Amino acid sequence: MENLTYEETQLLCIYNSTGTRAGVIAALTEMRGCLEPDEDELRALTDSALDKLGRMTDAEFAALELAPDFDLEAPAYGE
């Protein structure tokens, strides 16, 4: 399995609502379809993550530690 970058891991954390590889692939694919033409960096990051997800097994996905690297208790921007 190819290692995920920090940014790819954080993206998976955000879109891992089902806890399954198939669920994350579906969520990222849906999100990718909503991107604006000027969102090249996010599109490239999403494509890279989708490529790596497609080449890993469900067991490899289950072994990933997908914990977001941000404080869930911190106030949101502007609060």
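In this report, contact means that heavy atoms lie within 4.5 Å of each other. The structure is a predicted model, in which local features need pLDDT of at least 70 and side-chain atom pairs count only at pLDDT 80 or more, while totals for chains, interfaces and linings use all residues. Residues are numbered from 1 along each chain as its sequence is written, and side-chain values use heavy atoms, with hydrogens and water left out.

## Overall build

The protein chain has four helices and zero strands, so that its pattern, read along the sequence, is α-α-α-α; helices (H or I, at least four residues) and strands (E, at least two) are DSSP runs, numbered from the N terminus. Of the 79 residues in the protein chain, 28% are buried, where buried means under 20% relative accessible area, exposed means over 50%, and partly exposed lies in between (1.4 Å probe, protein chains only). The accessible surface of the protein chain comes to about 5,400 Å², and 53% of that surface belongs to carbon and sulfur atoms; such areas come from the Shrake-Rupley method with a 1.4 Å probe, and for residues only the protein chains shown count as cover. Among contacts between residues at least 6 apart in sequence, 64% join residues at least 24 apart.

## The nonpolar core

In soluble globular proteins, nonpolar side chains tend to be buried together. A nonpolar core is here a set of buried Ala, Val, Leu, Ile, Met, Phe, Trp, Tyr and Cys residues joined through side-chain atoms within 4.5 Å. The largest such core has 12 residues in all, among them L4, L11, V24, L28, L53 and F61, and helices α1 (6–15), α2 and α3 each supply at least two residues of this core. Leaving aside its neighbours within four places in sequence, V24 is in contact with L12, Y15, N16, T18, L53 and F61.

In α1, the buried residues are E8, T9, Q10, L11, L12 and C13, and what covers them includes α2 and α3.

## Helix α3

Helix α3 runs over residues 40–55. Its 16 residues, at 1.5 Å a residue, should span 22 Å, and its end C-alpha atoms are 23 Å apart, which agrees; the expected span is 1.5 Å times one less than the number of residues in the helix. The buried residues of α3 are R43, T46, A49, L50, K52 and L53, and their cover includes α1, α2 and α4.

T46, which lies in helix α3, counts as buried at 0% relative accessibility. Leaving aside its neighbours within four places in sequence, T46 is in contact with L11, L28, M31 and R32. The C-alpha atoms of T46 and L28 are separated by 6.8 Å, although the two residues are 18 residues apart along the chain. A44 is also found in helix α3, but A44 is partly exposed, with a relative accessible area of 46%. From C-alpha to C-alpha, A44 and R32 are 9.7 Å apart in space, and they are 12 residues apart in sequence.

## Charged pairs and cysteines

Side chains of opposite charge can pair when their charged atoms come close. The structure holds five salt bridges, a salt bridge being a side-chain nitrogen of Lys or Arg within 4 Å of a carboxyl oxygen of Asp or Glu. The table lists some of them.

| Salt bridge | Closest N and O atoms |
|---|---|
| R21 and D58 | 2.8 Å |
| D40 and R43 | 3.6 Å |

R21 forms its salt bridge with D58. R21 lies in helix α2 (residues 21–33) and D58 in helix α4 (residues 58–63), so this pair ties together parts that are 37 residues apart in sequence. By contrast, D40 and R43 are three residues apart in helix α3, which separates them by about one helical turn. D51 and R55 also both lie in helix α3, four residues apart, about one turn of the helix, and D51 is partly exposed, with a relative accessible area of 40%.

A search of the whole structure finds zero disulfides, where a disulfide is a pair of cysteine sulfur atoms within 2.5 Å. C13 is buried, with a relative accessible area of 15%, whereas C34 counts as exposed at 57% relative accessibility.
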